[in-house]
Amino acid sequence: MSESHHATPGASPLLVDPLLVEVSRGPAVESAHRVALAVVDTDGRVLLAAGDYERPVYPRSAIKPLQAIPLVESGAADSAGREPADIALACASHAGMAMHTTRAGRWLVDLGLSPDDLVCHAHWPNDEATAHALVRAGAAPSRLHNNCSGKHTAMLATARHLGEAVAGYDRPGHPVQQRILGLLEQMGGHDLEGAARAIDGCGLPVIAMPLGAMALAWARFADPAGLADRRATAIGRIHRAMADHGDLLAGPGRFDSVLNSVCGGAVLTKGGAEGVACAAIAPTVNTPGLGIALKVADGAGRAAPVALMAVLDRLAVLSDQASTALQPWRTTPLTNWAGVVVGEIRPVAKPAF
């Protein structure tokens, strides 16, 4: 294991975690971002680390693929005849494009529900062209445009399949949320009973987990061979859905969509708000399955893909084709409003991992 930095009680991650990403403007470094991370195998061995990876953080949307497991494991996906693309949508933080909203809307109709049954509220689509089209049409966004509408629809589908109440599916005590809590504890090997709890941006409960536990959960997601057959089969189906329908996970040209599409299942990723990112690296003949979890201390989303790419490069797990396609996130150009490149977002020269 590489050297890591452990915080003293109450220490700020802005003082403890190492600088891993910097932002230049012209010849000078204008800003920098501290990052904590862990790379873990399915036995819980920490193979690579930086910063205080034992610090609990809110995983935000980076655990959506884990939250989708009950949809498949329970039989809910099959009972309603859902397509693999629907499973991908359940894992998505989507851009609110027609490919996303139409699919979510159709799924709700099949359930006998409507967008009003979603707890997530409306926000403008993250895709600018779609948002501009709504403005030109004099239309307002609906709850389907919420980037989490796929996850919420999947939770409603699971509740409906299992004969549970649809109303209140967002409450911590509802079977939907209790099932996910148990799953996160099992996958991450960590008791969450006393963990900090809050409300995510989409209105669902969010529970703080140590980065190491998140990485272990993703390692087991990467290589579910040691899990119960039903869970392993469900995870395998989610793998294929994420790899085959990458554009549904975020949107064309966005980091998560591109990486999941070009890696063919060898590497899968999902990011979350406030600079969280996770990844699963599938096992090979010579290497075990690995999980990655990282958190940018100041919550800067722009730094998370750059940091994750630095870890993937260190592990040498990307094919030549994938590496080329992902180059824009290895060092991201910084442009002004005229589109002129004025700097870049890049890993520091000697990352501390």
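The points below cover the ground rules, a helix pair, a glutamine and a lysine.

1. This is a predicted model, so to speak of local features pLDDT of at least 70 is needed, side-chain atom pairs count only at pLDDT 80 or more, and totals for chains, interfaces and linings use all residues. Residues are numbered from 1 along each chain as its sequence is written, and side-chain values use heavy atoms, with hydrogens and water left out.

2. Helix α10 (residues 211–222) and helix α11 (residues 229–244) have axes that come within 9 Å and cross at roughly 90 degrees. That makes α10 roughly perpendicular to α11 (65 to 115 degrees). On the α10 side the contact (heavy atoms within 4.5 Å) is made by Arg220, Phe221 and Ala222, and on the α11 side by Ile235, Ile238, His239 and Met242.

3. Glutamine 186 sits in helix α9 (residues 175–188). Its relative accessible area is 48%, so glutamine 186 is partly exposed (between 20% and 50%, with a 1.4 Å probe and protein chains only). Leaving aside residues up to four places away in sequence, glutamine 186 touches Arg220 and Arg231. Glutamine 186 and arginine 220 are 34 residues apart in sequence and 9.9 Å apart in space, C-alpha to C-alpha.

4. Lysine 295 belongs to strand β10 (residues 290–296). What is the nearest side chain of opposite charge to lysine 295? That is glutamate 274, 4.7 Å away; lysine 295 is buried (under 20% relative accessible area) yet has no salt bridge (a side-chain nitrogen of Lys or Arg within 4 Å of a carboxyl oxygen of Asp or Glu). Among the residues that lysine 295 touches are Arg34, Arg55 and Glu274.

Note on methods
Axes fitted to C-alpha atoms, helices over the stretch in contact; angles between N-to-C directions. Helix = DSSP H or I, 4+ residues; strand = E, 2+ residues; numbered from the N terminus. Parallel < 35°, antiparallel > 145°, perpendicular 65-115°, else oblique. Lys, Arg positive; Asp, Glu negative; His and termini not counted.
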